[in-house]
Amino acid sequence: MAVATAVVFVVDDDPSVRKSLTRVIAAAGYAVETFVSAREFQERAPVTGPCCLVLDVRMPGVTGMDLQKTLAQAVHQIPVVFITGHGDVAMSVAAMKAGAVDFLTKPFASRDLLGAIQRAVERDTRNLGTEARTEEIQARVKTLTPRERQVFTLVVAGMLNKQIAAELGVVEKTVKVHRARVMDKMRAGSVAELVRLAADVGVIVTRA
């Protein structure tokens, strides 16, 4: 079942292909936006909800493969479903290794296209959820003072209060105060949860 807010971008230089794909994809419940070229697609307005890209491999100017490489550099990588009438095994393998959800050779069945789109949208939905959680945790980390950040990294490294105090050159009572503030600001109910939060945002554990 299509995700109601999902948008499917179709990039193909053939107007008849864009028209037929729009009909099939829209009938499945997705919003559809079409583009005649990769450059036109890159000039689109940003979309905040789940989406995917149905992309022709061979187009004048910037090819589908070129666009895939460009999109791979973005913070949020839109899942790609390739379509082509001139594909080969090597091209398919390269596209899939680069992260494409599927590589469909024209003519393909509508059910195969819609299946690939569903997988792509589901992937994007998961990715957006992960990115939102990461941003939220990073915002919590930013509320920590420099000293609290030091205590944070040493706690997740597995050090005890006494060890942290020795490491930072402070008394153990001070460490306990900072540790309590860290747990509160990070909204962590346990050290194990604090460790998971640190891992989610890639906090590097270093000694002071």
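1. Helix 4 (residues 89–97) lies across strand 4 and strand 5, running at about 155° to strand 5. Contact here means heavy atoms within 4.5 Å. Axes are lines fitted to C-alpha atoms, for helices over the stretch in contact, and angles run from 0 to 180 degrees between N-to-C directions. Helices (H or I, at least four residues) and strands (E, at least two) are DSSP runs, numbered from the N terminus. Keep in mind that this is a predicted model, where local features need pLDDT of at least 70, side-chain atom pairs count only at pLDDT 80 or more, and totals for chains, interfaces and linings use all residues. Residues are numbered from 1 along each chain as its sequence is written, and side-chain values use heavy atoms, with hydrogens and water left out.

2. Helix 3 (residues 64–71) lies across strand 3 and strand 4 (80–84), at about 150° to strand 3. Gln 68 sits in this helix, and counts as buried because its relative accessibility is 7%; the cut-offs are under 20% relative accessible area for buried, over 50% for exposed and partly exposed in between (1.4 Å probe, protein chains only). Setting aside neighbours within four places in sequence, Gln 68 is in contact with Phe 82, Ala 95, Ala 98, Gly 99 and Ala 100.

3. Now the sheet itself: five strands, open, in the order 2-1-3-4-5 with parallel pairing. Strand 2 (31–35) and strand 5 (102–105) are at the edges with a single partner strand each, so one side of each has no neighbour in the sheet. On average, neighbouring strands of this sheet are turned by 20° against each other, direction ignored. Two strands pair if DSSP finds at least two bridges between them; strand 1 (residues 7–11) and strand 3 (residues 51–56) run parallel and are joined by five. Val 11 stands opposite Leu 55 in strand 3.

4. Helix 1 (residues 15–27) passes a simple length check: at 1.5 Å a residue its 13 residues should span 18 Å, which agrees with end C-alpha atoms 18 Å apart. The expected span is 1.5 Å times one less than the number of residues. After helix 1 comes Gly 29, with a positive phi near 100°.

5. Which residues of helix 1 are buried? They are Val 17, Arg 18, Leu 21 and Ile 25. Seen down the helix axis, the buried residues fall within an arc of 95°, so they line one face of helix 1; the arc is that of the directions from the helix axis to the C-beta atoms. Their packing partners are strand 1, strand 2, strand 3, strand 4 and helix 5 (110–142). On the face turned away from the buried side are the exposed residues Pro 15, Lys 19, Arg 23 and Ala 27.

6. The axes of helix 1 and helix 5 come within 11 Å and cross at roughly 65°. Leu 21, Val 24 and Ile 25 in helix 1 meet Ser 110, Leu 113, Leu 114 and Ile 117 in helix 5.

7. Two backbone spots to look at. Most residues other than glycine have a negative phi, and most peptide bonds are trans. Lys 106 and Pro 107 are joined by a cis peptide bond, with omega about -5°, and Pro 107 lies in the loop between strand 5 and helix 5. Arg 187, a residue other than glycine, has a positive phi near 55°. Arg 187 is in the loop between helix 8 (172–185) and helix 9 (191–200), and counts as exposed because its relative accessibility is 56%.
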